[in-house]
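Welcome! Please take a moment to look over the sequence and the 3D view before reading on.

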Amino acid sequence: MRLKFGLQRNVGQSNQSEHTVPQLISHRFASPSLIEFLPHINVSLNALATLLLLIGLVLIKRKQELAHRRVMLATFGVSVVFLISYLTYHANADSKHFPTDPQVASTQVRYLYYAILLSHIVLAAIVPLLAIGSIYLGLTGQRALHRRVSVITWPVWFYVSITGILVYLMLYQWYAPVGVATAWTAAQHAAKQVFCRLLLSGVCIVSLSTSCWGQDITAQAPAQLATAAERLTIAQTGELIEAGEIDEALRLLEKLLDEAEDRMVATTGPQHAATLTTQRYIPLAQWSGQRTVALLQQFPDTAAKVLARQREPATLALEQLQKTKDLRATQLAALRFLATELGGQFQLFMSDLYLERGWGIAASQAVESIRGETRVGANSPPGEPPVFGSLAAPLVWQQLAAGRTAAEQERLWQALFASPSLRSSDAPPSSDRPQTSPDPGLVGSQAAVDLNDIVLRLVIAATMNSESLDAPATRAWGFEVARHSNAAAGEKLKSAIEQIAAWPPLATRPTTVDSFHWPPVGQDAGTEDAAAPAPDDRDATDPVHRAYVSWPTWSQPLERFSASSDRLAASKPRVAESERATLPYFPVVDKGIVFVNEMTRIVAYDLETGAPWPDAKTGLSLFDSELSAASYLPLGYPMIGSPRGTLHIANHCLYARMGSPITGRIQSRSPGGAGGDTSLSYLVGLDLSKQGSMLPGFPLHLSHADLSNVDFNGAEFDGPPLAWGDMLIVAVAQRDHVGLRRSIAAFDRVTGKLLWKSGVLGSGSVTGGEHANLIAHQQLTLAGGRLYTNTNLGAIACLDPTTGQVQWLVQYSTPHDNPSFPKPDRYRYRDLTPCLVSAGLVYCAPQDTPEIFALDALTGELVWSTDDLSVADANQLLGAPGDALIVGGDRLVWLDKRTGRVAATFPGSTTPIVGGALPNPRGLGRGTISGQHVYWPTAGEIYVFSAQLPGADAVGDTPTIVRRIEVAPGGGNGVNVLIVGETLLVASPSRLMAYRAD
């Protein structure tokens with residue numbers, strides 16, 4: 001019996017008790033008008049769930065795990081709504097029976113209907129259990145079980161959804177009695193509207209899941225952004241071009257070039273990959289020059305007049321520079337005459353100057369801006385994997401040509417070089433095909449430059465900086481260019497590439513330098529190049545049979561620190577260390593001596609014996625700040641972060657940040673803000689050839705009188721210094737009542753004189769740090785003549801280390817807190833993750849976003865990013881050997897370095913979800929990569945794995961353990977690991993220990 005809404009509103013209690021539970025539900029919540037529509041709403045929900053199931057299957061087949069997860073959660077939500085609607089309908093309406101009239105449906109059709117209905121009901125009863133189980137396993141990271149259960153869940157779920165639609169069509173549409181169909185006509189019309197709206201909602205859900213990535217770029221605009229007047233001039237230039245006023249537009253572009261200084265302008269719109277969105281900025285002067293070239297190519301008549309006017313001064317300038325070899329003057333002239341016929345010659349000459357200094361990345365940047373054929377744009381060939389942004393042609397060629405036959409490679413080559421996508425997104429377009437000789441129709445930097453000359457320089461640069469550029473891929477691409485050139489030129493280029501490939505290592509010192517990766521034991525990181533570290537510093541073979549004695553050869557005590565005052569807004573426990581006993585020590589070895597920054601002092605020990613250095617008798621420290629541990633880090637004070645002891649050695653000189661660990665204080669200490677004359681951090685420079693005596697100009701304070709004309713108000717040194725050539729480069733933080741600003745400064749590493757200070761590269765605030773002192777460790781990376789910095793304030797920047805000018809700056813999206821759907825926040829423990837440069841890519845693991853992502857080292861274009869879950873508990877970029885990017889933390893994760901795909905994890909059954917269990921075993925400390933193996937510390941043990949991407953020897957997603965090394969005593973709280981020759985050095989929370997190989 002159906003009840004009308006409100007029928008029993010005034011009935012007494014005794015009458016109400018006579019109704020059943022379904023009747024009471026219908027009495028409160030249902031009405032006949034809604035009940036009549038429910039079957040049509042139900043089939044609409046069924047159709048939407050079916051569509052989402054198909055989309056989810058396609059997404060996981062394409063390895064888009066984050067989008068797959070969101071779509072399947074949306075599918076489950078739609079199914080829950082369907083179940084509620086289905087139960088509501090059957091609680092308020094009589095069951096509808098299939099017609100028995102043979103004129104409406106035959107006996108065979110009726111039997112078919114009942115067979116479909118029976119299988120639908122039976123399987124529908126188990127779908128919720130299967131779906132909930134699959135979702136739980138997926139969200140908890142139990143990938144192997146999730147796959148096995150999903151193989152059953154998806155077809156059953158899909159069958160139930162499809163048969164639900166069939167049951168509706170047979171019951172209400174195809175075999176409904178004529179009278180009933182007529183009575184339902186109005187309801188069907190309304191249901192169609194409901195269905196269309198639900199379908200539109202489903203499309204919106206899918207679009208949001210797969211295209212929007214759930215994040216926006218919310219960082220503040222760069223401080224060096226073009227002024228409002230300059231942006232107005234840019235807009236006026238576009239309007240003048242549209243109006244045909246080309247001469248006036250060129251005049252405005254020249255004005256922008258003259259007045260640009262170090263300001264930047266945004267390039268094309270944001271780029272997306274996985275969950276990350278980035279926005280790229282380039283120097284305004286560079287943009288103006290490139291825009292001028294593109295304009296002259298578009299209007300050849302105007303170009304002829306402009307080029308004729310600038311030909312003579314450009315020729316004179318080039319001749320003068322070839323005599324003086326002044327790098328700075330060449331950089332300025334290359335921008336000034338970019339649009340002339342000699343523009344390409346200026347770029348080639350600048351590239352040659354970089355190559356003389358061993359700066360491969362800087363040289364590649366110079367020559368790749370000449371011709372568009374060296375980069376492949378965002379529009380990949382039809383049928384090929386998508387390429388995000390404008391990427392180096394060798395990188396794309398290597399990825400797309402792998403595993404193809406010669407005929408397929410030829411078709412791919414023609415597709416790439418016949419496509420407009422070959423052109424760089426920054427540089428103006430050139431020809432549609434690679435040219436082996438100058439094209440007289442080209443204008444500006446592309447004129448009078450042979451493509452083979454460019455390719456040759458790219459191959460030389462990659463060979464010189466093989467640790468930061470992909471030499472094999474560049475050579476392979478160079479051979480393809482030679483093969484498609486005319487016979488004489490192609491043979492000449494091929495012969496040159498073969499000769500370059502046979503070159504011996506050009507030097508013994510690396511050009512990629514940061515606090516952890518190169519050089520691992522204090523080799524010089526000057527302006528000369530190197531292909532590999534010294535043989536005694538890192539075992540190149542690292543044989544599997546290497547074993548270490550189970551008891552340390554020697555050990556020395558270290559001051560113990562805790563993180564009990566750390567108010568970092570992240571879930572506990574800390575990643576890869578204990579809160580009560582942190583792991584702040586990272587030893588460095590130089591000429592057989594181990595150096596450790598113990599925060600309040602710097603100590604040194606003989607690597608063989610463990611005796612104090614330089615005087616074993618007195619045992620005095622190398623440098624002592626005369627601060628006690630209690631005064632250095634007073635307990636009870638609100639802090640964000642934990643102190644770390646890092647240092648850098650170059651040319652047998654040691655440099656370290658000392659003084660107060662705080663880089664951003666809550667309250668000001670001078671009228672102008674925090675810092676000023678009372679800056680409490682300083683740099684020390686010690687001459688190790690003179691037993692650690694202080695270098696001239698040190699200790700270096702930001703309150704030094706020579707720095708009074710530079711804005712260092714409220715500033716502290718924001719991390720360890722990095723020596724490069726004659727410079728000491730360090731990050732600087734300035735905090736005031738508005739927020740935190742980060743920049744970089746360079747000093748003379750012998751005298752301490754300020755050489756340059758960059759503009760503000762990142763600004764904002766640290767989550768949870770509004771009422772706490774900030775302790776930070778901004779680490780820099782030098783690679784191929786370029787300086788890379790991860791500001792941890794929404795921006796990554798590439799600078800020219802000789803001048804501090806920004807080459808490109810990329811802002812990335814950061815997550816928004818959502819209490820209703822909490823996400824992992826353990827990425828906030830990434831306080832020691834400098835940029836890692838390898839194979840032409842810059843790998844970044846910022847402290848303010850859970851993703852790890854890769855940028856093109858030359859342009860800053862986004863290549864890939866991980867999702868916001870899989871590596872949220874990774875706080876170490878250990879290295880990129882072979883095809884793998886290895887990251888550490890609570891777990892050890894192998895990523896495919898070219899795609900960002902998670903290839904393996906150890907342990908393999910956990911992910912950093914909110915409230916999830918910790919891995920077992922759990923990483924404790926920072927590991928290292930030595931030769932072909934990665935050493936990963938846990939509680940009391942060090943696990944050894946192959947550093948390569950797991951292959952046939954892996955069981956599922958878990959790599960095979962090669963060896964386990966016991967660390968006793970004192971290894972229960974974890975250790976930081978360093979391997980030097982036959983010695984394994986480990987730094988526990990309170991001891992430095994050395995183990996010898998058997």
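The report below starts with confidence and then visits a few places in the chain.

What you see is a predicted model. The chain has a mean pLDDT of 78, and 76% of its residues reach 70 or more.

Two stretches call for some care. Residues 518–545 have a pLDDT below 50, although this stretch makes 93 contacts in the model beyond near neighbours in sequence. Over residues 668–677 the pLDDT also stays under 50; here the model has 25 contacts beyond four places in sequence. Where pLDDT is low, the predicted coordinates should not be read in detail.

## A nonpolar patch on the surface

If you look at the surface, you can find a nonpolar patch formed by Leu83, Tyr86 and Leu87. Together these residues have about 280 Å² of accessible area. Leu87 belongs to helix α4, which covers residues 65–92.

As background, an α-helix has 3.6 residues a turn, so residues three or four places apart point the same way.

## A covered helix

Now turn to helix α15, residues 360–368. How many of its nine residues are buried? The count is nine of nine, and the helix is mostly covered. Among the buried residues of α15 are Gly360 and Ile361, together with Ser364, Gln365 and Glu368.

A disulfide is a covalent bond between the sulfur atoms of two cysteines. The structure holds zero of them. Cys798, for instance, is in no disulfide: its nearest cysteine sulfur belongs to Cys835 and is 9.6 Å away. Cys798 is buried, with a relative accessible area of 0%.

Cys844 lies in strand β29, residues 841–844. Is Cys844 buried or exposed? Cys844 has a relative accessible area of 1%, so this residue counts as buried.

Which residues does Cys844 touch, leaving aside neighbours within four places in sequence? Its contacts are Ile796, Cys835, Glu851, Ile852, Phe853, Leu855 and Leu877.

Definitions and conventions:
Residues are numbered from 1 along each chain as its sequence is written. This is a predicted model: local features need pLDDT of at least 70, side-chain atom pairs count only at pLDDT 80 or more; totals for chains, interfaces and linings use all residues. Side-chain values use heavy atoms; hydrogens and water are left out. Patches are made of residues with over 30% relative accessible area and no salt bridge: like charges are joined within 9 Å, nonpolar side chains (Val, Leu, Ile, Met, Phe, Trp, Tyr) within 5 Å. Accessible areas come from the Shrake-Rupley method with a 1.4 Å probe; for residues, only the protein chains shown count as cover. A salt bridge is a side-chain nitrogen of Lys or Arg within 4 Å of a carboxyl oxygen of Asp or Glu. Helices (H or I, at least four residues) and strands (E, at least two) are DSSP runs, numbered from the N terminus. Buried means under 20% relative accessible area, exposed over 50%, partly exposed in between (1.4 Å probe, protein chains only). pLDDT is the predictor's confidence in each residue, from 0 to 100. Contact means heavy atoms within 4.5 Å. A disulfide is a pair of cysteine sulfur atoms within 2.5 Å.
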